[in-house]
Structures are given as C-alpha cells and as structure tokens.
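Dear colleague,

Please find the structure below, handed over for your files. My notes on it come after.

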Amino acid sequence: MLKQQLQQKLQQKLSPQQIQLIGLLELPAIELEERIKHELEDNPALEEGKEDAGDFDSAEEPYDEAAPDGNAADAQTDLSLGDYRTEDDIPDYKLNEINSRREQREEIPFSAGESLNEYLLEQLGLRELSEKEKTVAEYIIGNIDDDGYLRRDLASIADDLVFQAGQDVSTEEIGEVLRIIQDFEPGGIGARDLQECLLLQLEKKEPTPACLLATRILKDYFDEFSKKHYDKILRALDIDEAMLKKAIREITCLNPKPGNNWGDSMVAVLSQIIPDFIVEANNGELFLSMNNRNVPEMRVNREYSEMFEDYAGNKANQSSEMKDAVTFVKQKLDSARWFIDAVRQRQETLRRTMEAIIQLQPEFFLTGDEATLHPMILKDVAERSGYDISTISRVSNSKYVQTNFGIYPLKYFFSESMQTDSGEEISTREVKKIMHEHIKAEDKRKPLTDEELSSILKEKGYIIARRTVAKYREQLGIPVARLRKEI
C-alpha cells in the first residue's frame, strides 16, 4: 500500500568556499605553496601581486552561494560588478604579522642528483651481455624499489617479459641475470629479503673468522638472530660470547636498506621540514610569526574585472555566446575571490590556533623543558581559540613550529593527563620521558621488562598498569625487553 508522509530533516551543506578552506587547512607550508602555484596557473582571473586598496569599493558584499553551474546563461542573473571589486579581494593575511619584515624571494636553481636506477644502468653498461640478457637486466633494475630490494618474484617477471618485451625467458635465466646485478654497488642491491641482502654484503667483505661466522649465523640461524635468542646460537655453534660479539658487530655494520643512499634529490628536498610557525622567546616574552615567505600575495586579474564590467554594462545587446562568456568570466572571478579569501581565513585560523597553544604551554616555549608541558587535548585548544575540535585537528596535522630549542610538530604539544598518587595532574609525556630514561640506562644484558618498568614508576608515584606501560613503550617505538637484549 502506498503511503504519503511528511518528514522534517535538518541538513547542513558546506559551501564551495568552506570545502576549499577545509582542504587548505590540512596543507603544510610546502604543500600550500604548490597549491597556490597550481591555482595561479589554472585560473586566469587570479594573479600574483598586491592590489591597491583605492581600486575597491568600501562596501563589503555578502558571500553569494548561488553561483551559476556553468550551463546556459540566465538572462535574469544579477552580474553586479560590486560582487567582485570589493575590499574582500585585498589579501590581508599578511597584514597582521608580528614580524612584518619581508624577505626577498630568490629563485634557487635545483640540481638533481643521480638516482639509484641510473647508477645501476650505468654499471650495467660496463658488462658484456647479450641483447636478451640486457633486456632482462633493464627490466629487473626497473623493478628494484627505493630501498634497493627486488620484491617481485621471478615467475612474475618472466610473465611480464613475455607480454611486455616479447622475450620468452625462464626463471633460471632471470636468476642468472639477477645474480649479475647483485654483484653491483651498493652491496646488497637486488636482494629479495633482508637475509639475502645482508649475505650479499658479507660476500664482498674480507673472509675473516668473524665474517665467516656472521655468514653462517645468517644462513643457518637467521630466525634465532632476528629474535635475539643468542643463548641458542651459542649452544648450537659451541662458541663463546666474545666470538659471537665479533660476528654480531660485523652484521650490525651492514646496511639493511642499500638503496637509501641513492634517494632522488627532489624527494630529499620535499622531505625537509618547513615550519609553519616561528615562536621566538626574548627577555621572557614570546613572539609569534607565520612562515609566509613563500606565500605570495594574490589579487583578482584587472583585465578580467574590466572584461566583466564591459559585459555587465552591455546587457541589452548580449547574444547567447556573449552570455556564455559572461558566465565563464563570473565563474573565474568567483573562484579567484573564494581562493584569496580561503587563504586569508586559513592563515587567520592557523594563527589563532597557534596563539592558543602558546597560551596553554608558555613555560615550554620559554624554557624548552619537556617537563613543563601541561596535559592538553584538542578540546582545550578549541575552547580557547573559538574553533571546532575538527578544525583544530586539521590545523595540528602535518604542521610544525620553530622555537628557540628546535622544530616540533604541533602534535607534540598534545597529551592526555594522569594523576599521581598525591592527586596531582601531570602529562603522560612526562611518564614516557621517565620510562625512556630508564630504558636508555638499563643493563642491556638484562633489559627491564614492562612489569619492572611499572614497578619503578609506582615507586616514583605514578600508578600505571603493566599494559599501559606496554602501550607507552610502543608509542615511543621501543621494542620489548627480549629484542633489546645485547651480549
């Protein structure tokens, strides 16, 4: 049976500008620079430069969510020039900086270094190989990852060579070519797992007694070695601890990721940390500035504004094609204005968030002492800055601040609270610091277990269960006691 029913529903929709702002909030400084560069290239109505405030009307027009969708131009559409020539177009996200000194932007030429792939192909050219072997070798080198490992099995490579290169090659033939590549520098290149990688490097070393013993350990007792069951190795090989120490020293000097030294120069540049904020302590006072040296000022393109003015002032004689042109220009001006405003709002949101963090953690920014960090969660910053928790989460993600004591991720300042046996609230970061100090100073022949760490913390007044100690240890990236054991 059909039934009609009325239903009330409350629904919130984000405007295009809000969606754009959310995306910009998540970007760190270096990615924002790329995003702005892309927008300047993509939108002809947006250009780099500072607009003269006198060119704009003083009245501020409200944001219009009812932008056209780009289909047919509507004759009734209001194309008021005032919507695009207001003071909103003036980018003021740099005007509120504490440090207003501008640094001159210089274009630094980029020099790309030799990649691992190029280095291996260079060595391949020095070997006398048949055309078939050379084709197989080039394909293998192309499949070696950034760490220097070949993580594809030989059967899959054989299938690819048939379909992509028209070469019918057996896995045995591929294995022979792979063995040639594994003789290249750096040692361990082309290995299929860690065990093979370490053994390949040992083959290139002088066959001393320690090196030969290390080779035997890796070949026959790799599982015991990786789990640090040294007592089993001592019994199985009937050797003393001094000999085992020498063999382990040989192994630990090897490179588990031989391709890392040949990382692409561009990747290395992009992986560098660019701080989004700079907090300076001077005579007991804190000064905050935004790292905007690579964030250019932007304005609406004057030619597009004048073009729109001509179109809008000539409505009576507009053809269908002219109306389409008007709609196109309006969309580009909309987009340019929204983007300028989104960047401005982003900078203001970041600034207010960082100011709230400084107000909550002033002692740390003045002294750099980790022990002065107070328990702080997203809600604390949200309440002080006036933003939503989700906004604070986006701002704190992938952002860094430069202080007098180093560069820190914003997430570094967030931590839960816990109570000591005296009822005092402290940051969990303080507990982790104490744990780390005790683990660092422990006897490596008999590392501290989680139970022992829990007892030590209880003696200091921190009532923490063993499973909580295990959680904190994992967050610090510290392995269990058995894997920290040394002889």
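The following paragraphs set out what was found.

This is a predicted model, in which local features need pLDDT of at least 70 and side-chain atom pairs count only at pLDDT 80 or more, while totals for chains, interfaces and linings use all residues. Residues are numbered from 1 along each chain as its sequence is written, and side-chain values use heavy atoms, with hydrogens and water left out.

Helices (H or I, at least four residues) and strands (E, at least two) are DSSP runs, numbered from the N terminus; two strands pair if DSSP finds at least two bridges between them.

An open sheet of four strands shows mixed pairing in the order 3-2-5-6. Strand 3 and strand 6 (406-409) are at its edges with a single partner strand each, so one side of each has no neighbour in the sheet. Strand 2 (residues 277-282) pairs with strand 3 (residues 285-290) in the antiparallel sense over six bridges, and with strand 5 (residues 400-403) in the parallel sense over two bridges. Ile278 stands opposite Ser289 in strand 3 and has Gln402 as its bridge partner in strand 5. Two residues separate strand 2 from strand 3 in a hairpin, where Asn283 in the turn has a positive phi of about 55 degrees.

With kind regards
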